[in-house]
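Thanks, everyone. Please have the sequence and the model open while I talk.

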Amino acid sequence: MSEKRQYPTVLTIAGSDSGGGAGLQADMKTMQAFEVFSTCVVVGLTAQNTLGVQGAYPADESVVRAQFESIMADFEIRAAKTGALFDERRVKEVAKNVSRYKIKNLVVDPVMVAKGGAPLLDEDGVRTMKEDLLKRALLVTPNIPEAELLSGMSIGNLEEMKKAASKIQALGVPNVLVKGGHLAGEKVYNFALLGSETFVLTGEKVNTARKHGTGDTLSAAIISLLAKGCSLKSAIIAANDYMNAILPQPLFTGHGHGSLNHGLWKNPEKVRESLTGESLSRQLVIGLGNVQYDEQKLLGLVEEACQAGMTVVQYREKGEKRVDFEKRLEIARKLKGLCAAYGVLLFIDDDVDLAILSKADGVHVGQDDTSVEAIVERAPELLIGLSISTMQELEKSKKDLAQITYIGVGPVYETTTKTDAKPAIGLEGLKAIKNQVKVPVIAIGGINEENAVAVYSAGADGLAVISAITNSDHLIETVKKLIKHGEAT
Ligand SMILES: Nc1ncnc2c1ncn2[C@@H]1O[C@H](COP(=O)(O)OP(=O)(O)OP(=O)(O)O)[C@@H](O)[C@H]1O
Ligand SMILES: Cc1ncc(CO)c(N)n1
Ligand SMILES: [Mg+2]
């Protein structure tokens with residue numbers, strides 16, 4: 001097989017839904033929304049629409065096996081899931097192939113009954129799943145009726161969901177996510193038991209009959225994120241967020257349990273080729289640490305800066321008082337919402353997990369942070385900015401330049417906002433680096449509305465500022481000057 005780096009690729013082992021809203025079709029639409037490449041083993045066909053399942057046609061075991069052979073001979077599968085498996089013979093065949101090909105990061109969605117009530121797994125199939133398949137999985141994601149069958153107890157509330165999860169874990173699967181969509185109440189609770197850790201995920205109950213394929217979509221989202229290198233916990237949390245984002249906005253197609261709008265979460269402006277020099281030219285680097293940990297001030301300032309004409313926001317949280325990951329994720333998501341509304345790109349400093357989970361446009365890394373190669377491996381859709389301070393660093397980074405959206409060069413002047421800044425390189429240093437590269441050069445370090453014109457004259461394609469914005473008492477004027485200086489040169 002080729003030694004070339006492979007795009008994150010996942011596998012769904014499931015049934016086809018001719019109606020397109022559930023089954024492997026829902027899986028593959030979800031995988032596309034998460035920007036991973038999807039492959040499939042079709043375990044059987046259903047004649048199905050949004051009104052129900054009119055017929056089910058399991059595929060011969062030899063057909064199932066042949067598909068595994070083709071896929072595993074060619075692709076590097078980073079994560080996989082199962083959906084409708086129909087009966088004992090297909091469950092056994094799938095279990096055999098999971099072992100034969102040592103398929104890792106397997107999520108078993110133990111699909112048993114379609115929304116309209118049609119069976120998608122028979123009784124012997126359920127038994128074989130318990131005995132043979134679950135122990136090969138990383139995670140199982142039953143809904144309430146499925147959890148009842150797997151645990152042998154009835155479930156009417158969150159406490160019973162917890163008990164059932166432990167019983168299911170005892171069948172040999174290390175992690176269990178019990179989905180609560182079938183319980184009555186104003187909120188939906190999903191209960192996760194990961195090893196010995198537990199947590200509850202909530203969502204507002206959406207009062208719509210149009211939510212066919214929700215379980216399939218959730219597990220497909222989880223394996224997409226696993227394939228990008230997220231931890232199981234992060235993947236479950238982000239997949240639940242995705243559900244909460246798309247469930248309230250179903251597609252009105254068909255006359256029964258309509259379909260989810262899987263692509264809603266996509267980020268159409270984030271197409272690398274469509275980026276012009278202008279779209280990278282004015283970057284605001286900011287975090288809570290730059291605004292005395294005042295979240296409202298941060299969000300207000302970023303919004304104003306976007307309105308005034310900054311084109312990139314880099315969220316950068318440094319220092320001893322740095323807030324924890326959960327808080328940073330919350331802020332990054334809010335910033336993403338703000339930036340998207342103004343067509344401004346959001347980059348995240350250093351943290352690839354945060355960039356993936358917040359659906360940021362890119363990540364900015366320094367020489368000692370995650371390598372460019374590792375970022376491309378995990379999240380090829382992310383734009384990448386790389387800091388370069390010296391000719392030596394440029395030499396070292398030359399191999400990466402083809403993958404990079406811009407280089408951040410500096411500090412051009414002495415700066416007070418970065419405590420571990422390297423010595424200033426001056427306009428001469430900036431010029432020298434600019435002469436060596438084709439990628440856009442974004443100058444950083446001590447740049448303000450007065451010296452911007454000199455920085456542009458030295459060849460910068462754009463600039464990044466912190467205090468020029470945070471300390472400005474006339475923000476709109478400041479940004480106007482930055483724009484004017486860029487146009488003049
Ligand atoms: N009415 C609802 N409102 C909001 N979220 C819901 C609702 N029903 C389900 N969900 C969410 O959808 C996801 C799947 O849960 P659910 O219990 O519906 O799985 P499922 O029964 O396997 O779905 P499917 O039958 O489509 O396979 C979970 O993230 C859950 O929080
Ligand atoms: C083929 C298929 N798989 C899974 C489900 C569950 O949503 C369904 N309705 N149909
Ligand atoms: Mg389901």
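Where does Phe86 lie? Phe86 is in the loop between strand E4 (77-82) and helix H3 (88-100). Helices here are DSSP runs of H or I with at least four residues, strands are runs of E with at least two, and both are numbered from the N terminus. The phi angle of Phe86 is near 70 degrees, a positive value in a residue other than glycine.

Some ground rules. This is a predicted model, in which local features need pLDDT of at least 70 and side-chain atom pairs count only at pLDDT 80 or more, while totals for chains, interfaces and linings use all residues. Residues are numbered from 1 along each chain as its sequence is written, chains are lettered from A and ligands numbered from 1 in the order in which they are written, and side-chain values use heavy atoms, with hydrogens and water left out.

The peptide bond from Gly410 to Pro411 is cis, with omega near 0 degrees. Pro411 is found in the loop between strand E15 (406-409) and helix H14 (426-434).

Now the largest pocket. Pockets and cavities are found on a 1 Å grid over the protein atoms alone: a cavity is a set of points where a 1.4 Å probe fits but cannot get out, a pocket is an open set with protein on both sides within 12 Å along at least five of seven lines, and lining residues have an atom within 4 Å of a point. Grid points are joined across faces, edges and corners, and a volume is the space filled by probe spheres set on the points. The largest pocket has a volume of about 820 Å³. Its lining has 45 residues, of which Lys115, Lys179, His182, Thr214 and Gly215 lie nearest the centre. Elements that give two or more residues to this lining include helix H1 (23-33), helix H5 (144-151), strand E9 (197-204) and helix H7 (214-227). By class, the lining divides into 16 nonpolar, 18 polar and eleven charged residues. Nonpolar means Ala, Val, Leu, Ile, Met, Phe, Trp, Tyr, Cys and Pro; charged means Asp, Glu, Lys and Arg; the others, Gly among them, count as polar.

Which pocket does ligand 1 sit in? Ligand 1 sits in the largest pocket, where sitting requires more than half of a molecule's atoms to lie within 2 Å of the grid points. Around ligand 1 there are 19 residues, and the closest are Asn143, Lys179, His182, Val206 and Thr214; a residue counts as near if one of its heavy atoms lies within 4 Å. H7 gives the largest share of this shell, four residues. The shell has five nonpolar, eight polar and six charged residues.

For polar contacts, the cut-off is a pair of N or O atoms within 3.5 Å; within protein, one must be able to donate a hydrogen and the other to accept it, and residues adjacent in sequence count only if both atoms are side-chain atoms. Oxygen atoms of ligand 1 lie 2.7 Å from a polar side-chain atom of Asn143 and 2.6 Å from one of His182. Asp216 has a side-chain N or O atom 3.1 Å from an oxygen atom of ligand 1. Taken alone, ligand 1 exposes 620 Å², and the protein buries 96% of that. Accessible areas come from the Shrake-Rupley method with a 1.4 Å probe; for residues, only the protein chains shown count as cover.

Ligand 2 next. The space taken by ligand 2 is also the largest pocket. Among the residues around ligand 2 are Gly15, Thr46, Gln48, His212 and Asp216. Asp216 has a side-chain N or O atom 2.8 Å from an oxygen atom of ligand 2, and Gln48 has one 2.9 Å from a nitrogen atom of ligand 2. Taken alone, ligand 2 exposes 290 Å², and the protein buries 95% of that. Strand E1 (9-17) and strand E2 (37-49) each supply at least two residues of this shell.

Last, the cavity. The structure holds one cavity of 30 Å³ or more. The largest cavity contains about 40 Å³ of space. Residues lining this cavity include Gln48, Ala114, Lys115, His212 and His257.
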